[in-house]
Amino acid sequence: MSTTALVLGVAAARQSLAELADYDEIVVLDSDVGALEALVAELADPRLDYMLGALPVLPMPDASVDVLVGADPSEPEVVRVLRAGGRVLPAK
């Protein structure tokens, strides 16, 4: 089974990428298209993908994320997208 990390914000992605070395897919969610495109080009990591958006609605399927970086674990959307046993890490 592949593992997915969701990171809220370009800044959090830059700071947490090293901690996500074991994940097959890293999705960065931000509301700034230019910042997302710059991040993907800068990091050139084939596991990295991005989506336009922000809380309160996460554009991810139910129970599809193994770790979420940069959100409140009690947020309903966070609970919805986390897989069983998933975890939430604070943004640095």
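This report describes the sheet, one crossover unit and the nonpolar cores of a predicted model.

The model holds an open sheet of five strands in the order E3-E2-E1-E4-E5, and the pairing is parallel. Strand E3 (48-52) and strand E5 (82-89) are the edge strands, each of which pairs on one side only, and from one strand to the next the twist averages 20°. In general, strands of a sheet pair through backbone hydrogen bonds, either parallel or antiparallel.

| Strand pair | Sense | Bridges | A bridge pair |
|---|---|---|---|
| E2 and E3 | parallel | five | Val27 with Asp49 |
| E4 and E5 | parallel | four | Val65 with Leu82 |

Helix H2 (residues 33-43) packs on the sheet, where it touches strand E2 (25-30) and E3, and the direction of H2 makes about 180° with that of E3. Together, E2, H2 and E3 form a β-α-β unit that is right-handed.

The largest nonpolar core has 16 residues, of which Val7, Leu20, Ile26 and Val28 touch the most other members. Strand E1 (4-8), helix H1 (10-16), E2, H2 and E4 are the elements that give two or more residues to this core, with H1 giving the most, namely three residues. If residues up to four places away in sequence are not counted, the contacts of Val7 include Ala12, Leu20, Ile26, Val28 and Val69.

Conventions
Residues are numbered from 1 along each chain as its sequence is written. This is a predicted model: local features need pLDDT of at least 70, side-chain atom pairs count only at pLDDT 80 or more; totals for chains, interfaces and linings use all residues. Side-chain values use heavy atoms; hydrogens and water are left out. Two strands pair if DSSP finds at least two bridges between them. Axes are lines fitted to C-alpha atoms, for helices over the stretch in contact, and angles run from 0 to 180 degrees between N-to-C directions. Contact means heavy atoms within 4.5 Å. A crossover is right-handed if, with the strands pointing away from the viewer, the path from the first strand over the helix to the second runs clockwise. A nonpolar core is a set of buried Ala, Val, Leu, Ile, Met, Phe, Trp, Tyr and Cys residues joined through side-chain atoms within 4.5 Å. Buried means under 20% relative accessible area, exposed over 50%, partly exposed in between (1.4 Å probe, protein chains only).
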